[in-house]
Amino acid sequence: MKQESLTVADCMTPAWVTIPATATVTEAVQKLLKNKMLGGAVVDEHHHLVGYISEQDCLKHLITDSYFRENTTLVSDIMRHDVLTMSGEMSIIDLAQIMTQDKPKKYPVTDHRKLIGEITRTDVLAALLRLRAWHKETA
């Protein structure tokens, strides 16, 4: 394993829990709670990444919903559309450098807009430790 050859795809968690853009906010919250997630990737019917919804987004909306007694708002109405994504081909070292600049703690990983996984700071830290151990073994 070479430092340059370890990629985001090698270290990411495959996308297993996504939220459809057509889901209601209530359905999204239920999915986030069930899977103990702080937020999730929002996908269209082709599994293309179209946004991101966080528990904070949902919290703000549920406060308003509680007051007005509405529950038909869709995820697509409140999700963030400007999602920072990473390519699976990116070097883990390059991503680590990006993450040092006060960026998100978690990135969706895409391949031609299709969601293939997610990578977190924890994943990157684990990869860097693997690289360090490999360098010690080969020194």
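How do the residues of the lining of the largest pocket divide into nonpolar, polar and charged?

Analyst: This is a predicted model, in which local features need pLDDT of at least 70 and side-chain atom pairs count only at pLDDT 80 or more, while totals for chains, interfaces and linings use all residues. Residues are numbered from 1 along each chain as its sequence is written, and side-chain values use heavy atoms, with hydrogens and water left out.

The lining of the largest pocket comprises 14 nonpolar, eight polar and seven charged residues. Here Ala, Val, Leu, Ile, Met, Phe, Trp, Tyr, Cys and Pro count as nonpolar, Asp, Glu, Lys and Arg as charged, and the others, Gly among them, as polar. A pocket is an open set of points on a 1 Å grid over the protein atoms alone, where a 1.4 Å probe fits, with protein on both sides within 12 Å along at least five of seven lines; lining residues have an atom within 4 Å of a point.

The volume of the largest pocket is about 700 Å³, counted as the space filled by probe spheres set on grid points joined across faces, edges and corners. Among its 29 lining residues, G39, G40, Y52, K106 and Y107 are the closest to the centre. Two or more lining residues come from each of strand 1 (13–14), strand 3 (39–43), strand 4 (49–54), helix 3 (55–68), strand 6 and strand 7 (114–120). Strand 7 gives the largest share, four residues. Helices (H or I, at least four residues) and strands (E, at least two) are DSSP runs, numbered from the N terminus.

Strands of a sheet pair through backbone hydrogen bonds, either parallel or antiparallel. Two strands count as paired if DSSP finds at least two bridges between them. Strand 3 and strand 4 run antiparallel and are joined by five bridges; G40 stands opposite I53 in strand 4.

A second open sheet has four strands in the order 1-7-6-5, also with mixed pairing. Strand 1 and strand 5 (86–87) each have a single partner strand, so one side of each is left without a neighbour in the sheet. Strand 5 pairs with strand 6 in the parallel sense over two bridges, and S87 stands opposite T110 in strand 6. T110 is buried (under 20% relative accessible area, with a 1.4 Å probe and protein chains only), its own value being 14%.

Methods: Buried < 20%, exposed > 50% of the residue type's maximum accessible area, 1.4 Å probe, protein only.
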